Amino acid sequence: MTDASVFSPDIPVLGGGDLAAGRVFCVGRNYADHAAEMGDAVPEPPFFFIKPATCLVVRPATLSYPPRTADLQHEIELVVVIGKGGRDIAREAALTHVTGYATGIDMTRRDMQADAKAKRRPWDMSKSFDEAAPVSAVTPIAAAPAVESAVLRLSVNGEVRQEGCVADMIWPVADVIAELSSYMALLPGDLIYTGTPAGVGTLLQGDRVRAEIEGLEPLDFTIA
Ligand code: MN
């Protein structure tokens, strides 16, 4: 690979400029209804995992169906974009570290993930593959004042599959940042996919996917 932009994709910022993407952090089971549909009888605290930044694909028109799976699934997620880094960030100061928000989908090879869980192996390869992290342009935080109460909605071929509210996150944005920065320092350009509500489901080649979060740029693409 010679294209350096592959390793740090530039994400357009609405209103002007580009953001050099850093790492892609993801929160697991940050909505109780999704935790329940994944088989969690008793609610547990959410947790983190990471996808390489090479998984990012900005404003895709098509998404390639990945290899090694027969069960590609969608997870619509609010993406938090870190503008100012830090470690052990206090909950009260957390939003001052956010530069903006985006619409994202945590694409998952669900069959591979289930197999990894059953064998008590890492699930990295079920979450990390080419184009596993579609993302919209970034809306600056000042232009997204209501994001913490926004509705998320993902439709496939015009049929609503996922509909939830950011307000239902077990860890709100400030908690996510406080928690994550207690594990390691956050850096400018880091993205945090903050978890998905219930309704995750299988995608097939030819499916038209629309993901929208109120107040943010939507995603609209076809599985090729
Ligand atoms: Mn997810």
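Analyst: Start with strands: a strand is a DSSP run of at least two residues, numbered from the N terminus. In this predicted model, Val 80 lies in strand β8.

User: Is Val 80 buried or exposed?

Analyst: Buried means under 20% relative accessible area. Val 80 has 1% relative accessibility, so this residue counts as buried. Among the residues that Val 80 touches are Val 98, Tyr 101, Val 173, Ile 177 and Leu 191. Val 80 and Ile 141 are 61 residues apart in sequence, with their C-alpha atoms 9.4 Å apart in space.

User: Which residues coordinate the manganese ion?

Analyst: Glu 75 and Glu 77, each through OE, and Asp 106 through OD, at 2.0 to 2.1 Å. Along the chain, the spacing of these donors reads E-x1-E-x28-D. Glu 75 sits in the loop between β7 (72-74) and β8 (76-82), and Asp 106 in the loop between β9 (98-105) and β10 (108-109), so the pair ties together parts that are 31 residues apart in sequence. Glu 75 is buried at 4% relative accessibility, and Asp 106 is buried at 0%.

User: How do I read a sheet?

Analyst: Strands of a sheet pair through backbone hydrogen bonds, either parallel or antiparallel. Here, an open sheet of three strands runs in the order β10-β7-β16, with antiparallel pairing. Its edge strands, β10 and β16 (201-202), each pair on one side only.

User: How many bridges join β7 and β16, and what stands opposite His 74?

Analyst: β7 and β16 pair over two bridges, in the antiparallel sense. Opposite His 74 stands Gly 201 in β16.

Key:
Residues numbered from 1 in each chain as written. Predicted model: local features only at pLDDT ≥ 70, side-chain atom pairs only at ≥ 80, totals over all residues. Heavy atoms only, no water. Donors = N, O, S within 2.8 Å, 3.2 Å for Na, K, Ca; no water. Helix = DSSP H or I, 4+ residues; strand = E, 2+ residues; numbered from the N terminus. Buried < 20%, exposed > 50% of the residue type's maximum accessible area, 1.4 Å probe, protein only. Contact = heavy atoms within 4.5 Å. Pairing = 2+ DSSP bridges. Lists of a residue's contacts leave out its neighbours within four places in sequence.
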